[in-house]
Amino acid sequence: MDIVFIKELCVETIIGIYDWERKIKQVVCIDLELETEIKSASSSDDIQDTVDYKSVAKRVKAFIEESNFLLIESLAEETLKVILSEFNVKSVKGRFSKPGAVTGSKEVGVIIKRKK
């Protein structure tokens with residue numbers, strides 16, 4: 001199977017369990033790997049025969065900007081559900097991180113993979 005990917009899509013949203021986190025927007029960065037078949041697209045050279053990564057990125061960005069989850073785990077799970085239900089992918093792997101969330105670390109987060 002083939003992979004269409006999006007790397008370092010960063011979005012501002014309300015996320016976190018602490019009172020102060022509920023009052024400000026924080027950055028969440030996402031890497032996505034979308035498992036799909038690209039053979040048809042490589043032959044036809046037509047965007048209709050593949051996953052349109054721009055459409056995926058726009059949808060994910062809109063979903064996350066409107067969300068207000070407490071946990072990054074919930075954000076990750078629900079984001080992958082949106083992708084699987086709205087786009088022609090067999091599975092999706094996502095890496096969701098909060099840069100600077102823990103003092104002394106570059107970022108913290110989760111990596112999950114879900115299939116249709």
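Before looking anything up, I noted that helices (H or I, at least four residues) and strands (E, at least two) are DSSP runs, numbered from the N terminus. With that in hand I placed Ala 41 in helix 1, which covers residues 39–44.

**Ground rules.** I am working with a predicted model, in which local features need pLDDT of at least 70 and side-chain atom pairs count only at pLDDT 80 or more, while totals for chains, interfaces and linings use all residues. Residues are numbered from 1 along each chain as its sequence is written, and side-chain values use heavy atoms, with hydrogens and water left out.

**Overview.** I found three helices and four strands in the protein, and from the N terminus on they follow the order β-β-α-α-α-β-β. The C-alpha trace spans about 50 × 25 × 20 Å along its principal axes. Of the 116 residues, 38% count as buried, where buried means under 20% relative accessible area, exposed means over 50%, and partly exposed lies in between (1.4 Å probe, protein chains only).

**Ala 41.** I then returned to Ala 41, which counts as buried because its relative accessibility is 13%. Leaving aside neighbours within four places in sequence, Ala 41 is in contact (heavy atoms within 4.5 Å) with Asp 46, Asp 49 and Thr 50. Ala 41 and Lys 23 are 18 residues apart along the chain, and their C-alpha atoms are separated by 44 Å.

**Glu 21.** Next I looked up Glu 21, which sits in the loop between strand 1 (2–13) and strand 2 (26–36). Is Glu 21 buried or exposed? I recorded a relative accessible area of 6%, so Glu 21 is buried. Its side chain reaches the backbone nitrogen of Ile 17 at 2.9 Å. Not counting residues up to four places away in sequence, Glu 21 touches Ile 14, Ile 15, Gly 16, Gln 26 and Lys 98.

**Helices 2 and 3.** Two packed helices are described by the angle between their axes and the distance between the axes. For helix 2 (residues 53–66) and helix 3 (residues 72–86) I noted an angle of about 140 degrees, with the axes 10 Å apart. That makes helix 2 oblique to helix 3, since angles under 35 degrees count as roughly parallel, over 145 as roughly antiparallel, 65 to 115 as roughly perpendicular and the rest as oblique. The residues making the contact include Val 56, Val 60 and Phe 63 of helix 2, and Leu 75, Val 82 and Ile 83 of helix 3.

Terms used: Axes are lines fitted to C-alpha atoms, for helices over the stretch in contact, and angles run from 0 to 180 degrees between N-to-C directions. A polar contact is a pair of N or O atoms within 3.5 Å; within protein, one must be able to donate a hydrogen and the other to accept it, and residues adjacent in sequence count only if both atoms are side-chain atoms.
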